[in-house]
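Reader: Hi! Could you walk me through this one? I'd like to hear about the sheets and the helix packing.

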Amino acid sequence: MDRRMNYAARGLDLVVREVAAFFRGVAGNNFTVESLTVFLPLLLLWELLPRLDVVPAALVPPPSRVAATFADLAANHGLASHLAASMVRFTLGLGIAIAIAVPIGTLMGWNQFLRRHALPLFQVLAPIPPPAWVPMAIILLGIGLPMQVFLVFLGAFYPVLFNTYQGVKDTDPRYIASARAFGASEFTLITRVLLPHALGFVVMGWKLGIALGLVMLVVSEMVGAHSGLGWLLIESKDFFRIDRMVVAMLVLGFIGWLLIEIMKYVETKLALWKVGR
Amino acid sequence: MIEARRISKFFPVVNPQGIAEGNTALVSVSLKVDAREFVAIVGTSGSGKSTLLEILAGLQAPTEGEVYVEGRRVLEPLPGTRKEMEAYRRKYRFLSPIVNSTFRDTPKSDTAIVFQDGGLFPWMTALENVVFALKLRGMPRGERPAWARRYLALVGLKEGENKFPSQLSGGMRQRVALARALSVEPKIILMDEPFAAVDAASRQHLQEDLLRLWEAMGQTIVFVTHDVEEALLLADRVVVFSPAPGTVRNTIEVDLPRPRRLVRRQIDELKHRIMEIYRFDATGEVLDYAI
């Protein structure tokens with residue numbers, strides 16, 4: 001019991017330290033003092049122009065107004081529940097996409113037989129812009145979670161698939177020869193040689209998948225949802241609440257930025273061996 | 001013991017016009033290496049000597065011929081008749097013959113291999129690289145690190161076992177690769193230009209260490225190099241390859257005492273002889289003495 005507590009404490013300690021390191025890195029990389037020379041004047045202009053009636057305040061809500069709307073939405077109109085609904089859809093779609101695309105990409109990169117049979121299918125389907133699937137998804141899956149998850153999945157699937165495939169296929173033949181010469185089974189080869197080599201590509205695929213997945217999340221919620229940030233956007237349009245639209249946009253942007261930063265952090269953590277180069 | 005019988009290798013290539021072209025790497029190469037023998041294969045670049053080594057290791061299938069290592073055939077014999085060819089194609093439709101068992105780690109034979117550079121996995125530390133090879137040989141987890149450290153120390157790598165290959169010098173990387181090959185206690189070590197990418201001072205050091213280890217442990221070594229002097233300094237027997245397509249041009253017994261740096265004159269004579277062979281192959285110039 002004591003030992004288990006000890007492990008739990010150590011695990012918690014590790015998590016806290018990693019999160020702290022993450023935020024230190026994010027703060028250091030993104031918000032430099034130099035960047036304020038651009039941010040501050042822009043914010044100032046955005047605040048002053050509507051207030052001085054240079055532009056109509058109804059069309060361009062100043063930052064102070066946006067902040068007030070944000071507080072209002074969060075307190076009285078369930079911004080958190082919209083955010084949660086969106087994240088459920090997004091996480092499910094992205095998770096399924098990664099769970100399917102990484103194995104398929106790995107197998108296609110590893111084996112020529114599978115590559116020759118399966119790759120052309122994906123090469124035909126991938127160029128179809130994901131939003132073009134929207135009408136079909138609505139008819140086949142109706143309006144609801146399956147359709148939203150499917151659309152996010154479509155956005156994220158191909159970038160993850162093709163990056164994983166490329167990374168595995170481009171593994172230096174010397175590494176493969178070394179592993180095979182020492183008797184590695186093909187499973188060991190895949191897990192210990194091909195995937196570690198492809199890791200950088202795989203994470204790159206995740207990053208692209210996150211970006212496209214978010215696009216598809218907004219699209220799917222705009223056309224077929226009664227909650228979520230995309231729905232909030234389109235609903236605000238109908239009520240001419242530009243301040244709410246700006247809040248929704250900023251929250252979406254923040255989510256995308258945060259996820260990409262997490263991915264970057266994961267990348268540097270996993271590819272520690274590249275740092276020495 | 002290695003026996004290669006009339007190995008030929010042809011790489012088929014179909015050009016964009018759909019016409020089959022190709023590249024013949026090896027023509028009817030026969031090679032016999034006795035136990036505890038140190039054989040060097042020298043040849044100009046592109047003479048197919050690395051291809052031969054990969055065929056010996058079972059990493060490539062020969063187009064013709066067969067290889068026996070310790071009396072066992074390295075890869076399944078190639079089909080002779082049309083009917084056999086169909087069965088062979090069917091059998092290897094999904095996976096090529098050089099592919100290993102799907103889930104079970106099966107050390108191929110009694111061979112280990114050292115590549116020129118980059119055979120080490122860059123995402124594993126020096127120690128992990130050796131431990132990985134031991135894992136593939138089915139050594140229990142607990143014994144691996146100590147065993148690996150012993151071999152790293154043997155090749156002279158005492159510090160830096162936790163460094164990644166990119167943090168080590170070229171010479172150190174080759175020491176780790178050598179330790180990895182030795183650690184699995186193979187009867188045969190195949191070396192593909194192992195010291196070609198190492199600076200001259202480290203190379204001499206590595207060569208001396210290799211000889212010391214070979215004399216102590218007595219493996220069979222097949223050493224591919226383009227450096228004639230290196231071959232003569234190390235090997236019992238030097239097999240001279242002709243330029244592409246590779247065939248065995250000549251075999252020279254180097255019956256000189258080690259360390260050979262002390263018999264400079266004889267080494268230079270042999271080197272001159274091999275260079276004459278090269279010159280004859282390149283220009284057709286008649287030699288002043290018979291080979």
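Predicted model: local features only at pLDDT ≥ 70, side-chain atom pairs only at ≥ 80, totals over all residues.

Reader: Nice. Which residue is the bridge partner of B:Tyr68 in E5(B)?
Author: B:Tyr68 has B:Arg73 as its bridge partner there.

Reader: And what is the strand order of the open sheet of four strands in chain B?
Author: The order is E2-E1-E4-E5, with antiparallel pairing. Strand E2 (20-33) and strand E5 (72-73) of chain B are at the edges; each has a single partner strand, so one side of each has no neighbour in the sheet.

Reader: Which helix lies across E1, E2 and E4 of chain B?
Author: That is helix H1 (residues 49-56) of chain B. H1(B) runs at about 115° to strand E1 (2-14) of chain B.

Reader: Okay, on to the open sheet of six strands in chain B. What order do the strands take, and what is the pairing?
Author: Here the strands go E6-E7-E8-E3-E9-E10, and the pairing is mixed. Strand E6 (111-114) and strand E10 (248-253) of chain B stand at the edges with a single partner strand each, so each of them has one side left without a neighbour in the sheet. On average, neighbouring strands of this sheet are turned by 15° against each other, ignoring direction.

Reader: How do E6(B) and strand E7 (residues 188-192) of chain B pair?
Author: In the parallel sense, over four bridges. Within this pair, B:Val114 stands opposite B:Met191 in E7(B). H1(B) also packs on this sheet, touching strand E3 (38-42), E7, strand E8 (220-225) and strand E9 (237-241) of chain B. The direction of H1(B) makes about 150° with that of E8(B).

Reader: Switching to chain A: at what angle do H9 and H10 pack, and how far apart are their axes?
Author: Helix H9 (residues 186-223) and helix H10 (residues 229-238) of chain A pack at about 55°, and their axes are 7 Å apart. That angle makes H9(A) oblique to H10(A).

Reader: Is the crossing left-handed or right-handed?
Author: H9(A) passes H10(A) in a right-handed crossing.

Reader: Last one: which residues meet there?
Author: From H9(A) you have A:Leu217, A:Val218, A:Ser220, A:Glu221 and A:Met222, which meet A:Leu229, A:Gly230, A:Trp231, A:Leu233 and A:Ile234 in H10(A). By class, this contact has seven nonpolar, two polar and one charged residues.

Note on methods:
Residues numbered from 1 in each chain as written. Chains lettered and ligands numbered in written order. Axes fitted to C-alpha atoms, helices over the stretch in contact; angles between N-to-C directions. Helix = DSSP H or I, 4+ residues; strand = E, 2+ residues; numbered from the N terminus. Parallel < 35°, antiparallel > 145°, perpendicular 65-115°, else oblique. Left-handed = near helix turned anticlockwise from the far one by under 90°. Contact = placed C-beta atoms within 7 Å. Nonpolar A, V, L, I, M, F, W, Y, C, P; charged D, E, K, R; others polar. Pairing = 2+ DSSP bridges.
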